[in-house]
Amino acid sequence: MIDFDKGTELANRYGGSEVKTTILYENAVYMIKYPDPIRSKRNVLSYMNNQYSEHIGSQIFNACGIVAQETHLGYFTDVKGQRKIVVACKDFTEGVGRLHEVSRLVNQTQVDGKKGTTIESVQDVIKTHKLIANRQESWEKFWDMFVIDALIGNKDRHLDNWGFLEIKGELRFAPIYDCGSSLSALLADDKMAELLENPSALKSEEYNHASCYSLNGKRMLYHEIFKNPPIPLQNSIKRTVPKIDLGKISNIIDETPTLSDVRKEYLKSAISLRYEQILLPSFKKLSKENVRVATKTKPKKRNNHDR
């Protein structure tokens, strides 16, 4: 755990729903994200565990070969003098380029009005924005992000929670950031312990997550869309699922400092459930279909008398 109080506080340069502070620590600029207060009166937690979700989620993306922000857990004293466990996100724009959230790009390309958080909006932006470089690669990276979001149970990858870096006049897909709403950040430890004792309740809690996106006017439940994925998602499943290593992910969770044992066990169980019951079956089904297609199209071997 890093003591970020040893850094130098700068004028804050970051927005968003969570309280943030900008610091300079060991010659690098970091965004400090505090635990987010719970806004629902029905939740027994006072604060989310979003700092852990941000850190672990980013590490999981990196472990799966998808570039994400660099994060560190540590301590920092807020303006009220309270010392808290925070996540520090290294500023990947420093000296590189400006970040443009996709919501801004949607507003630039859709003059008839914002369509909302839809796959159609994302596709329109990537296809039509004049500055986006490598359109096909950007489209593929969106779906690769979607696959890992399904793995970590991210319900909040809306159009402000990912974006493009403007580099030398071109827009390129930015490193993944804003994973704080994934990995059951709103569940208290005692609720997790209760669910671990009841496999059917655990499945009900962790299997039925929905993406924040809709497709053809319908909200996308992860377990439904992976059963009948559109072509771009099919391709991403075949690219991305083989890169998921549950052993590496378990190590990431186990090595997370100050994370309780019950939360570690719960996160590993929830990720394994989604991998084994949503992602892996979809990958196996697509692999079998590929084998059938290859068998049908394979040239028939000729006998000597056919020559």
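Which loop is the place of Thr 256? Let's work through that and two further exercises on this predicted model.

**Exercise 1. Locate Thr 256 and decide whether this residue is buried or exposed.**

Step 1: Thr 256 sits in the loop between α9 (246-254) and α10 (261-297).
Step 2: The relative accessible area of Thr 256 is 3%. The cut-off for buried is under 20%, so Thr 256 counts as buried.
Step 3: Now look for the neighbours. Leaving aside residues up to four places away in sequence, Thr 256 touches Tyr 52, His 55, Ile 56, Leu 73 and Lys 264.

**Exercise 2. Describe how helices α1 and α4 pack.**

Step 1: α1 (residues 50-63) and α4 (residues 135-152) have axes 11 Å apart and meet at an angle of about 130 degrees. That angle makes α1 oblique to α4.
Step 2: The crossing of the two helices is right-handed.
Step 3: From α1, the contact uses Gly 57, Ile 60 and Phe 61; α4 supplies Met 145, Ile 148, Asp 149, Leu 151 and Ile 152.
Step 4: Sort these contact residues by type, and you get six nonpolar, one polar and one charged.

**Exercise 3. Work out the strand order of the sheet and find its edges.**

Step 1: Six strands make an open sheet with mixed pairing, ordered β1-β5-β6-β4-β3-β2.
Step 2: β1 (2-3) and β2 (8-10) are the edge strands; each has a single partner, so one side of each lacks a neighbour in the sheet.
Step 3: Zoom in on one pair: β4 (residues 28-33) and β6 (residues 83-90) run antiparallel to each other, joined over four bridges. Here Ile 32 stands opposite Ala 88 of β6.

Definitions and conventions:
Residues are numbered from 1 along each chain as its sequence is written. This is a predicted model: local features need pLDDT of at least 70, side-chain atom pairs count only at pLDDT 80 or more; totals for chains, interfaces and linings use all residues. Side-chain values use heavy atoms; hydrogens and water are left out. Two strands pair if DSSP finds at least two bridges between them. Axes are lines fitted to C-alpha atoms, for helices over the stretch in contact, and angles run from 0 to 180 degrees between N-to-C directions. Angles under 35 degrees count as roughly parallel, over 145 as roughly antiparallel, 65 to 115 as roughly perpendicular and the rest as oblique. A crossing is left-handed if the near helix is turned anticlockwise from the far one by less than a right angle, and right-handed if clockwise. Contact means heavy atoms within 4.5 Å. Ala, Val, Leu, Ile, Met, Phe, Trp, Tyr, Cys and Pro count as nonpolar, Asp, Glu, Lys and Arg as charged, and the others, Gly among them, as polar. Buried means under 20% relative accessible area, exposed over 50%, partly exposed in between (1.4 Å probe, protein chains only).
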